[in-house]
Structures are given as C-alpha cells and as structure tokens.
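Please read the following briefing alongside the sequence and the three-dimensional view. It is arranged by topic.

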There are 2 protein chains.
Amino acid sequence: MKVDLECFPCFVRQAVFALNRINMEERVKMEIVKGILDDIKSADLDKSPAHATTYIYRKLKELTKTDPYSEIKKTYNESALKLYPGFRDMVMAAPEPLWYAARLAIAGNIIDFGIYQSVDINATVKKALEKTIAVDDYELLKTHMGRADRVIYLLDNAGEIVFDMLLIEVLMSMGLRVTAVVKGGAVINDVTMEDAVAVGLDKHCMVVSNGTDAVGTDLDECGEAFLNIYQSHDTVISKGQGNFETLVGMNKAIFFLFQAKCDVVARHLGLYAGAMLLKQNIGGFNERAKTDV
Amino acid sequence: MKVDLECFPCFVRQAVFALNRINMEERVKMEIVKGILDDIKSADLDKSPAHATTYIYRKLKELTKTDPYSEIKKTYNESALKLYPGFRDMVMAAPEPLWYAARLAIAGNIIDFGIYQSVDINATVKKALEKTIAVDDYELLKTHMGRADRVIYLLDNAGEIVFDMLLIEVLMSMGLRVTAVVKGGAVINDVTMEDAVAVGLDKHCMVVSNGTDAVGTDLDECGEAFLNIYQSHDTVISKGQGNFETLVGMNKAIFFLFQAKCDVVARHLGLYAGAMLLKQNIGGFNERAKTDV
C-alpha cells in the first residue's frame, strides 16, 4: 500500500491530535507542526502511509520530549481489563469460541488514537460485534489454525490488547504456540512490553518486542531478534491498519484482523471506511507456508 | 483572528480538495502538495488563516497552471440564477424584505468550496433559512442602513452572489447607493468580475474589483482603486468567513453576514461550527462611522 493524496492532510491531523494531548504553549505547538511539515515533505511515496507516520511520530517525540499517549494507554488498558471477565465468559460460552474471540479482537481494533480522539470501549465494541464483517475469511482462518502449530500475533493498540489476549487464549486452547509481538518503543497508542505486562499477557504466552517504534510492522526497521522469529514462522495474525499497510502482499500466511478506519485504506480494499475485516493475505499462502502448517 | 493549531491540517486539506478537482496524474498532485507544505510552513502565525490560504491557493495556481473552480463557479451561478425568481418573489412578499434578504444572503454563504465539496443549493439554503441566527444584530443593521446613504458590499462566493444580489436590490430600494466588490483574481470559488457580469449584478449596482486574488479582504494586498473606495466609505456589508477573518476588529462599521464553517472560527466567536451570524463589528462603530451615516 502506498501513500495517497488524501494521506497528506491526515498526516498533519495526526500530529495536531497528538499535540492536543500535550500541555504546552499553543505557539510552540504550531512551531512543532511546522517542523513536522519537513518530514511529511520527505515522505516516500512508494512506501506505506504507516512508513511516513513513523517519521512524524518520531519527530514529535524528539521535539516534545514526551509521549502524548502514555496516560491514555494506561486508562484504556485498565478499562478493557474491567470488561475482560465478562467478555471471557461470553467467548468461552460461545458455540465457537474462535469465531467469537476473533470478532471481538476485530471489534477491539476501534481503540486507535491515530484515528479517533476518544472511544467508549464497552459501547463501541458491543456495537462493532453486531456489524457484518465486510471481508470474512473466518473459515480459512479456522482451517489454517486447526492445522498450524505456531503463530506470531502482531498486537496493535492499548486496551485492544485485552481482547487480543482472549483470542490468544483460544488459540492456545487449540494447541497452538503463540508468540505475541509488541512495539519496541512508544508510538501512538500501540502496545509496548509495559502494556503486555500491565494486562498480564506475558503470563499467557511468550511476548517479544519487534525492536522498533515504527508504525505497523516495517521489516526494514525491526530488530534482528524479531526478524529471526518472523522468518522462522509462516503463520501470522496481524492486528490493525498499520500492520496491514506494511505487510499486505508479503510472502507469508497472514490473517489481517482490523477495521479499515480511513478512506484511503478502505478504497484500497474496495470497501467503505469503518469496514471490519478478517482477511487472508492474498498470495501469501504459498508452498513454503504449507510446509509450516 | 490568528492562525490556530487546527488550521494546519485544514490548509493541506484545502489544497487536496482543489487538486481533486483537476485532471492530473496522482503522483504529480502529491508532488504539488509537497511543494505547498513550504508555504504552509512559512504561514505568519500573527495573521489570519485566510492570509495563509492566499499563499496556498497562489502556489496551487502557479503549479497547476489552472483554476480548479472555474467550471463549478459557472454551474453554481447558473443553478442559483434558476432559483432567483422564486426567492425574489419571497423577498418582495415578505413583511420585512430587508430581514428576509439578509437571512437569505447568510443562508447562501453555505456555497463555499474551501470548506465543502458539493452543495445542493436549493435544499441547503431552505434548510438554513429555518435555522436560528446564533448572533443576530439585525435590528442594528436595520437602524444603521436606514440612516446610511452608501455601503460597500464585499461579495464572497459564486452561486451565493445571486442571493447577495437580492439583498443589494433591497438595500437600493431603501435609497442606499451600493458598491459591490469582487476579487481581482480567481481564488477558490470566490466571485470575480466575470461572475458579477454572468449573474447580471452589474446591471443593478456599481461593481468594482478589490485588485487582488487574496482570500478574504486583505488590505495589504488590495489595489489602490479599491482602497480609495474602502477608505471613503464607513459602512460595509461583509460576506463570508474569509472577509470576517481579515476584517474583524477594523475601525469601521462592518456588518458580517456569514456562516462560521470551521471549529477555529466558531471557537473564536464562542459558537459551534455551522452557526449563522449577522454580526456587527465590535468597536467599529466609532465617531468617524457616525459622521458617515
């Protein structure tokens, strides 16, 4: 996926969103936005929108010397954890726990501060559960997971991670070994090791850092330890739009679970903004992938 | 009014809006947007948002060598002209034609392609006529116009100009001499002399150019001929947000008729976006103004 004309205002909007979370003089914020325009100007049009936003968030971090999302990440983890027992009961009581947990994990992807300014988790997730999945490769996921023995789970946002934990529990109950992947550094409200520990995911499965604060999963930016794990696995569950943007078309069996939150990504998929997807990576289910399942 | 943090994404959005109206390769458009980021970067934070957008639209004109809004201006003038006889009948039959025509002129201010991508004139204007005016200095306008003998009428957008023409007719029927002002060059869907002639406004009153393609009425950019007229008049009717941004607080009796279309302007006024205003310029009704009425 490449940068689109519509991405440019969104790049600036994201910087303003983040700055609005920081207690700082308005005039200074405006000078910071001006500084970020240079990074937007040097955006590589042949790379993903996520690639460009990586540089924007890095510049923000450098100029503000703060993480605008650290507090809100804690709040959303705590709020989602309060909902965890109730949703866990629903998953375990469901006729098909994998189906219910997968849906819940997609619904939880609504918690994204690169796109929205605030989210009522309970109401929004419940509403999302009622929505039709626009692209639903669930049967393929079920078959694939039934035959695979291990999977990498690329996490996305704080709060959402609690719903991912439920899906990971279900996958593990099916006998799969799961390696959950967090960001190596703070970026937007994406989870880092701190969040995984805060919600107790590390008690369920192995959690590793991808070694970078890049948006999505940009393999050119990831650390060697993660790359070794990534190369040795052929099955991936990928959460969120950023991971989709950076991994779509890769030669690997990836299942993308996310909500297409912007017009650009939705258009790329021939869908409407807000569409929920459980989408198999086209072309990624090659011979090499088959040997791994 | 000064540039706000929220203006920055809007500056880029406006450039993308305009480029979306041009038939040109996507990659070229993206390079043009990148070029415009420099102009946004050099925005003077002590001047109005309109001041910054002037440079953006000039750069767009320079780089695209086209006027993205010329066709749509014609379309909206023609559409509004078709509605003219019906609305004229309503104005003339109204118990207070000045009140009705003023409201209609504010309602017509919805036709703004710096903000919206398309407008259903008839439906939108009729809906706007039903809305409450958030700031309504109509009684002051009525008293002032009843005592004044001449007024400058700063026009705003194509299409909307037809509704302005109705208000100008009413003002003239009250014995006022009206000088209508158009832009000196194409910018967004603002009217130029061509539009005034197309809708026949020149048959009703004197129409002059302000000598510039700047957004709003930026006196530093206006031509000498217009400045002489502006200085010699003390009563002004100013249409639209751009004119408000650039003239608010001036030492002159100005009545601003417009819709606050963005959060920044609305917040500046302590209102909500979409609010309709007939607002007297605070502090502009000084001794000098009184001698003119």
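**A glycine in a loop**

A:Gly270 is exposed, because 9 other C-beta atoms lie within 10 Å (a residue is buried with 20 or more other C-beta atoms within 10 Å of its own, exposed with 12 or fewer, and partly exposed in between; C-beta atoms are placed from the backbone). This is a predicted model, in which local features need pLDDT of at least 70 and side-chain atom pairs count only at pLDDT 80 or more, while totals for chains, interfaces and linings use all residues. Residues are numbered from 1 along each chain as its sequence is written, and chains are lettered from A and ligands numbered from 1 in the order in which they are written.

**Position of A:Gly270**

- A:Gly270 lies in the loop between helix H12 (263-268) and strand E7 (275-280) of chain A (helices, H or I with at least four residues, and strands, E with at least two, are DSSP runs numbered from the N terminus).
- Its C-alpha atom is separated by 33 Å from that of A:Leu176, 94 residues apart along the chain.

**Symmetry of the two chains**

- Chain A is superposed on chain B by a rotation of 180° with 0.0 Å of shift along the axis, with RMSD 0.0 Å (by least squares on the C-alpha atoms of residues with pLDDT of at least 70 in both).
- That is the relation of a two-fold axis.
- In chain A, the residue that comes closest to the rotation axis is A:Pro9, at 2.5 Å (C-alpha).

**The contact between the chains**

- Chain A gives 18 residues to the contact and chain B gives 19 residues (two residues are in contact if their C-beta atoms, placed from the backbone, lie within 7 Å).
- On the side of chain A that touches chain B, the largest share, 9 residues, comes from H2(A).
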